[in-house]
Amino acid sequence: MNPESLMQAARDVAKCAYAPYSHFTVGAAVLTRQGHVYCACNVENVSYGLTSCAERNAIFKAISEGEREFVAIALAAPTCVTPCGACRQVLQEFATGELKVYMTTLEEAQFVTTTLAQLLPNAFHFEDNPLPKTL
Ligand code: THU
């Protein structure tokens, strides 16, 4: 799948966003190494902190379908935004730093390409932080 098709999938699913508080509708489409695409939107809550971003929902959906390897994620929003810090860490859990990240607007006016490594340099890895031997 090419980047534009992945970004269009993200724009399409943004229409499902449940964002009555921010009115900021976001869609994410994640591409697996096998070529499958999983899409999700942001889902807000009246208790604002319970809101779940589109990127995390897309990754969790894919993981729940048995996927583990990801090569790209596209993000579509009213403005061209980067994934929030929490979503970057969740992406890092299941992807290498080589993960491509495409960010675009809902109106297709522009897009930006980067990688997870650029968005989250010096990421936390469990192997770098072994538990003390006494535990
Ligand atoms: N949001 C996302 O879904 N992804 C992002 O990368 C940025 C923020 C959502 C969360 C909330 O529903 C709304 O956008 C405003 O922050």
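Begin by selecting Asp12, which is partly exposed, with a relative accessible area of 37%. Here, buried means under 20% relative accessible area, exposed means over 50%, and partly exposed lies in between (1.4 Å probe, protein chains only). The model is predicted, so local features need pLDDT of at least 70 and side-chain atom pairs count only at pLDDT 80 or more, while totals for chains, interfaces and linings use all residues. Residues are numbered from 1 along each chain as its sequence is written, and side-chain values use heavy atoms, with hydrogens and water left out.

**Salt bridges**

The term denotes a side-chain nitrogen of Lys or Arg within 4 Å of a carboxyl oxygen of Asp or Glu. Lys15 counts as exposed, at 69% relative accessibility. Side chains of opposite charge can pair when their charged atoms come close.

How many salt bridges does the structure hold? There are three.

Now select Arg11 and Glu4. These residues form a salt bridge whose closest N and O atoms are 2.9 Å apart. Is Arg11 buried or exposed? Arg11 is buried, with a relative accessible area of 5%, whereas Glu4 is partly exposed at 35%.

Then select Arg33 and Glu69, a salt bridge with its closest N and O atoms 3.2 Å apart. This pair links distant parts of the chain, 36 residues apart: Arg33 lies in the loop between strand E1 (27-32) and strand E2 (37-41), and Glu69 in the loop between helix H2 (54-64) and strand E3 (70-77). Helices (H or I, at least four residues) and strands (E, at least two) are DSSP runs, numbered from the N terminus. Arg33 is exposed, with a relative accessible area of 51%, and Glu69 is partly exposed at 40% relative accessibility.

**Helix H3**

Move to residues 85-94, which make up helix H3. Which residues are buried in this helix? They are Cys87, Arg88, Val90, Leu91 and Gln92. The buried residues of H3 pack against H2, E3 and helix H4 (116-119), where contact means heavy atoms within 4.5 Å.

**The largest pocket**

Finally, select Phe24, Val26, Asn42, Cys53 and Glu55; among the 14 residues that line the largest pocket, these lie nearest its centre. A pocket is an open set of points on a 1 Å grid over the protein atoms alone, where a 1.4 Å probe fits, with protein on both sides within 12 Å along at least five of seven lines; lining residues have an atom within 4 Å of a point.
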